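Thank you all for coming; I would like to take a few minutes to walk through one model. Please have a look at the sequence and the structure first.

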Amino acid sequence: MNMRAISIVGPKKSGKTTLGLQLIHQLRQQGLSVAVAKSSHHGFDGQDTDTEQYAQTGCAVLGMGPDESFVRWPEKRDLTSLLPLVDADLLLVEGCKKLQWLPRILVLDTIPDEGLDWLSPKLAIAVFGKASIPGVPTISSIRELADLIQKKAFMLPGLDCGSCGRPDCGELAREIVAGQADPEDCVALDSPVHVEINGRQLGMNTFMGRLVASTIRGLLREFKGFTNGEAVIKLDV
């Protein structure tokens, strides 16, 4: 990484944010892109004025507090590019109905006038509400819903690599929800090599994964100091 950095320090209310905002404007005029990292000993309440001012400049903002950290980007990022930043047993995704590689809960009291196709009911493990959809259980108890989520939740990589024999991850996801397949049928999850470009993982079928992995292993063995273990390789392409 060629990114350089400078810190702005001083007492509380000494004008650090004001200076930072002025520097952003000036550095941009000089042709530089700028990101901001803000540390707070008191945490962030969602309406932190300093952080909001930095965000309004269009910069990427990193927040570091005693109990939380966050990244706020000024442009859209898809879920797959954000996942490496998250460490959790379960990810709850609100919205993102176009993601066909995740199971879903439909929150419905009635069937919409436009029908159900736009909600992809074949990916639904449950309906929460009063609506009834054939083949999908309607659950009103949060405890029962949580229990079902623990049993039925899964996440495919969304690579659409075709290694599993399906045309895309959505088809495999629908089969998993229907009980006709298992998440372990996703071959890409067990690929011996993981390649990302600009933060997005490349789809790689079984043959290509083995080919790339064996080629890299062979090359690395020729390096002095080689030892078995997990390798990290960074390459501009």
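What we have here is a predicted model, in which local features need pLDDT of at least 70 and side-chain atom pairs count only at pLDDT 80 or more, while totals for chains, interfaces and linings use all residues. Residues are numbered from 1 along each chain as its sequence is written, and side-chain values use heavy atoms, with hydrogens and water left out.

Let me begin with the open sheet, which has three strands in the order 1-2-3 with mixed pairing; strands here are DSSP runs of E of at least two residues, and helices are runs of H or I of at least four, both numbered from the N terminus, and two strands pair if DSSP finds at least two bridges between them. Strand 1 (35-39) and strand 3 (69-72) stand at the edges with a single partner strand each, so one side of each is left without a neighbour in the sheet. Strand 2, residues 60-64, pairs with strand 3 in the antiparallel sense over four bridges, and within strand 3 it is Phe 70 that stands opposite Gly 63.

Turning to strand 4 (residues 104-107), we find that it pairs with strand 5 (residues 124-128) in the parallel sense, again over four bridges, and that Leu 106 has Val 127 as its bridge partner. In a regular strand the side chains alternate between the two faces of the sheet.

At the start of helix 5, a side-chain oxygen of Asp 168 comes to within 3.1 Å of the backbone nitrogen of Gly 170. Within helix 5 (residues 169-177), the buried residues include Cys 169, Leu 172 and Ile 176, and just after the helix Gly 179 takes a positive phi of about 80 degrees.

Lastly, the cavities, meaning sets of points on a 1 Å grid where a 1.4 Å probe fits but cannot get out: the whole structure has two of 30 Å³ or more. The largest cavity is lined by 15 residues, those with an atom within 4 Å of a point, and among the ones nearest its centre are Cys 161, Cys 164 and Cys 186.

Conventions. On a 1 Å grid over the protein atoms alone, a cavity is a set of points where a 1.4 Å probe fits but cannot get out, and a pocket is an open set with protein on both sides within 12 Å along at least five of seven lines; lining residues have an atom within 4 Å of a point. Grid points are joined across faces, edges and corners, and a volume is the space filled by probe spheres set on the points. Buried means under 20% relative accessible area, exposed over 50%, partly exposed in between (1.4 Å probe, protein chains only). A polar contact is a pair of N or O atoms within 3.5 Å; within protein, one must be able to donate a hydrogen and the other to accept it, and residues adjacent in sequence count only if both atoms are side-chain atoms.
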